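Subject: Structure handover

Hello,

Please find the structure below. My notes on what was found in it follow.

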Amino acid sequence: MAQETILIIDDEKEIRDLLGIYLTNDGYRVLKAADGLEGLSYLENETVHLVILDIMMPRLDGIQACMKIRESRNVPIIMLSAKSQDMDKIMGLTTGADDYVTKPFQPLELMARVKSQLRRYLRLNQPDGNPHTHAPEQMDVIAIDDLLINVTTHAVTVEGKEVKLTPREFAILALLARNPGVVFNTEKIYERVWNEPFYESDNTVMVHIRNLREKLEDHPRSPRYIKTVWGVGYKIEP
């Protein structure tokens with residue numbers, strides 16, 4: 001079995017070493033970088049399956065590093081930050097992160113998030129980022145007007161133009177598209193996509209929906225695809 005590689009980008013050596021111990025004990029190969037520039041260098045030369053990325057760092061911070069990674073890769077990104085304000089979380093998720101963990105954190109909780117992200121990413125992609133060739137869960141391609149979603153190759157196009165989504169964004173879109181007309185509230189979306197219980201109300205799902213609309217829609221405030229059912233949740237019309 002291939003060994004997944006986790007890249008830790010954090011300027012605090014104690015955190016890099018602590019996470020390295022937990023990840024190594026769980027069987028992962030670990031790379032460590034002290035800032036965003038060093039982390040991007042690893043990504044250019046190594047096959048990486050998940051990035052744990054601190055926000056506050058010298059030279060190149062986590063927000064800038066996340067945007068650079070998203071220019072060419074859909075590898076899962078878990079952001080770390082000592083900040084806990086909603087706007088900081090929204091900023092991290094808007095730039096393309098898949099999850100956000102506030103320092104101080106419980107290492108075992110972070111390990112659970114790592115495993116959840118990797119399960120979904122590796123199910124949709126080969127370790128080097130190429131699509132799986134195994135049979136999809138239901139159908140290869142879902143068509144909604146000009147929106148085409150290939151659940152095998154993780155490819156999404158709108159009016160023939162490719163749209164690059166993060167693994168979380170794709171998972172939310174695929175969930176709604178596989179269940180046309182069904183309304184999912186934020187709790188149900190979180191539990192189905194993140195594969196963990198929904199403990200508290202936050203903006204995580206809302207931010208991902210907003211990101212999806214920005215990428216899929218000509219007019220995100222009047223969406224054609226992902227509709228809001230006010231007071232209930234979200235759906236895609238059949």
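**Pairing in the sheet**

M79 stands opposite Y100 in β5. The model is predicted, with local features requiring pLDDT of at least 70 and side-chain atom pairs counted only at pLDDT 80 or more, while totals for chains, interfaces and linings use all residues. Residues are numbered from 1 along each chain as its sequence is written, and side-chain values use heavy atoms, leaving out hydrogens and water.

Strand β4 (residues 77-81) is joined to β5 by four bridges, and the two run parallel. Two strands are taken to pair if DSSP finds at least two bridges between them. Helices (H or I, at least four residues) and strands (E, at least two) are DSSP runs, numbered from the N terminus.

The open sheet has five strands in the order β2-β1-β3-β4-β5, with parallel pairing. At its edges are β2 (29-33) and β5 (99-102), each of which pairs on one side only. Neighbouring strands are turned by 20° against each other on average, direction ignored. Axes here are lines fitted to C-alpha atoms, for helices over the stretch in contact, and angles run from 0 to 180 degrees between N-to-C directions.

Strand β3 is joined by four bridges to β1 (residues 5-9), in parallel, and by four bridges to β4, also in parallel. I9 stands opposite L53 in β3, and I52 has I78 in β4 as its bridge partner. Five of the five residues in β3 are buried (under 20% relative accessible area, 1.4 Å probe, protein chains only). L50, I52 and D54 point one way from the strand, V51 and L53 the other.

Contact means heavy atoms within 4.5 Å.

The axes of α6 (residues 167-178) and α8 (residues 204-216) come within 10 Å and cross at roughly 85°. That makes α6 roughly perpendicular to α8 (65 to 115 degrees). From α6, R168, E169, I172, L173 and L176 meet H208, I209, N211, L212, K215 and L216 in α8.

**Whole chain**

The protein chain has eight helices and 11 strands. Of its 238 residues, 51% are buried. Among its contacts with a separation of 6 or more, 58% are between residues 24 or more positions apart.

Regards

Notes. Parallel < 35°, antiparallel > 145°, perpendicular 65-115°, else oblique. Buried < 20%, exposed > 50% of the residue type's maximum accessible area, 1.4 Å probe, protein only.
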